[in-house]
Amino acid sequence: MEITRKHIFSLLVIMILAVGAVSFASAYTGTGFSHSVPSSKYSDMSASDILSQYSDTECHVEERAVCTQVVDGDTIYLDNGEKVRFVGVNTPERGVEGYIASKNFVQKLCLNKEVGLDIDDSKHNDRYGRTLAVVIVDGKNVNEMLLKEGLAEIMYMPPSEFYPYNWANSDTHVADSHSSSSSSSSSSYSSDSSSSSSSGSGSYVANANTGKFHVSSCSSVDKMSEGNKVYLSSRDEAISQGYVPCKRCNP
């Protein structure tokens with residue numbers, strides 16, 4: 001009887017190890033996105049060197065906290081207990097080529113530093129309870145920087161306050177699982193923007209980059225580039241086109 005018990009125990013151990021091996025071999029890889037940016041590319045650059053290459057963002061800081069942990073290139077933890085998922089972008093998962101480079105880039109910019117968040121007003125959290133936001137460091141949009149550096153792909157998942165296509169380069173990769181819906185959204189979005197902005201005037205001004213709209217006298221309007229301004233005749237028109245009210249001027 002004792003021998004039988006030992007055999008059963010040994011069999012259970014073997015089964016547990018086998019299941020673990022299968023799980024490890026089929027580790028989660030997300031969309032499978034990878035890139036070939038070397039992990040050493042930014043080793044000799046300071047955060048200031050990187051940030052100086054980018055213009056200030058038109059996104060607004062709604063919350064500030066210190067980044068205490070960088071999980072990967074698109075997820076960070078803050079000292080207020082908040083877990084933040086960079087909205088509109090997707091970086092390689094652990095074990096996929098490019099994971100280290102993307103993570104190191106975000107660590108250099110964010111770790112142990114105060115960061116700002118512009119939280120997605122259209123969808124505050126993802127299904128894991130993480131806050132969806134644009135992460136802002138010294139006035140620069142880190143989500144945009146990840147795309148332009150080739151360290152992330154576009155992952156546009158409406159409803160969203162933000163439109164990541166406006167942050168990308170022409171060769172930026174788009175997540176395959178969302179490419180068809182994103183393409184149709186892109187042409188619809190562009191059509192709405194061009195038809196509204198053709199008048200060149202209006203009581204309200206929307207920002208095609210951030211998806212927010214403002215009263216024409218809002219200080220944010222002065223900071224917008226002309227190419228991003230969308231002129232609207234009424235608040236109802238802005239809402240119907242999917243824009244959200246600015247929290248500063250409360251249109």
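I take a pocket to be an open set of points on a 1 Å grid over the protein atoms alone, with protein on both sides within 12 Å along at least five of seven lines; a cavity is a set where a 1.4 Å probe fits but cannot get out, and lining residues have an atom within 4 Å of a point. Volumes are the space filled by probe spheres set on the points, joined across faces, edges and corners.

The model is predicted: local features need pLDDT of at least 70 and side-chain atom pairs 80 or more, while totals for chains, interfaces and linings use all residues. I number residues from 1 along each chain as its sequence is written, and side-chain values use heavy atoms, without hydrogens or water.

I looked up the largest pocket. Its volume is about 590 Å³. It has 28 lining residues, and R85, D126, R130, M155 and M157 lie nearest its centre. β3 (83–86) and β4 (89–90) are the elements that give two or more residues to this lining. Helices (H or I, at least four residues) and strands (E, at least two) are DSSP runs, numbered from the N terminus. By class I get 12 nonpolar, 7 polar and 9 charged residues in the pocket lining. Here Ala, Val, Leu, Ile, Met, Phe, Trp, Tyr, Cys and Pro count as nonpolar, Asp, Glu, Lys and Arg as charged, and the others, Gly among them, as polar.

**Entry: cavity**

I found 1 cavity of 30 Å³ or more. The largest cavity has a volume of about 50 Å³. Its lining consists of E58, H60, N207, T210, K212, H214, S220, K223 and M224. β10 and α6 (219–223) each supply at least two of the lining residues. The classes come to 1 nonpolar, 5 polar and 3 charged.

**Entry: sheet**

Next I followed β10 into its sheet. Four strands form an open sheet with mixed pairing, in the order β11-β9-β10-β12. β11 (229–232) and β12 (244–245) are the edge strands, each with a single partner, so one side of each has no neighbour in the sheet. I count strands as paired if DSSP finds at least two bridges between them. β10 (residues 212–215) pairs with β12 in the parallel sense, over 2 bridges. F213 has P245 in β12 as its bridge partner.

**Entry: helix α3**

α3 (residues 99–110) has 12 residues and reaches 16 Å from first C-alpha to last, close to the 16 Å expected at 1.5 Å a residue. The expected span is 1.5 Å times one less than the number of residues. I list its buried residues as Y99, A101, S102, K103, F105, V106, L109 and C110. Buried means under 20% relative accessible area, exposed over 50%, partly exposed in between (1.4 Å probe, protein chains only). Just after α3, N112 takes a positive phi of about 65°.

**Entry: tyrosines and P158**

I searched the whole structure for aromatic pairs and got 6. The ring centres of Y156 and Y163 are 5.0 Å apart and their planes stand at 80°, so I log the pair as edge-to-face. Rings of Phe, Tyr and Trp (its six-membered ring) pair if their centres lie within 6.5 Å; planes under 30 degrees apart are stacked, over 60 edge-to-face, the rest tilted. Y156 is buried at 9% relative accessible area, and Y163 is buried at 3%. Ring pairs link Y156, Y163 and Y165 into a cluster.

P158 is in the loop between β8 (153–154) and α5 (179–197). I log P158 as partly exposed because its relative accessibility is 45%. Its C-alpha atom is 9.4 Å from that of G88, 70 residues apart along the chain.
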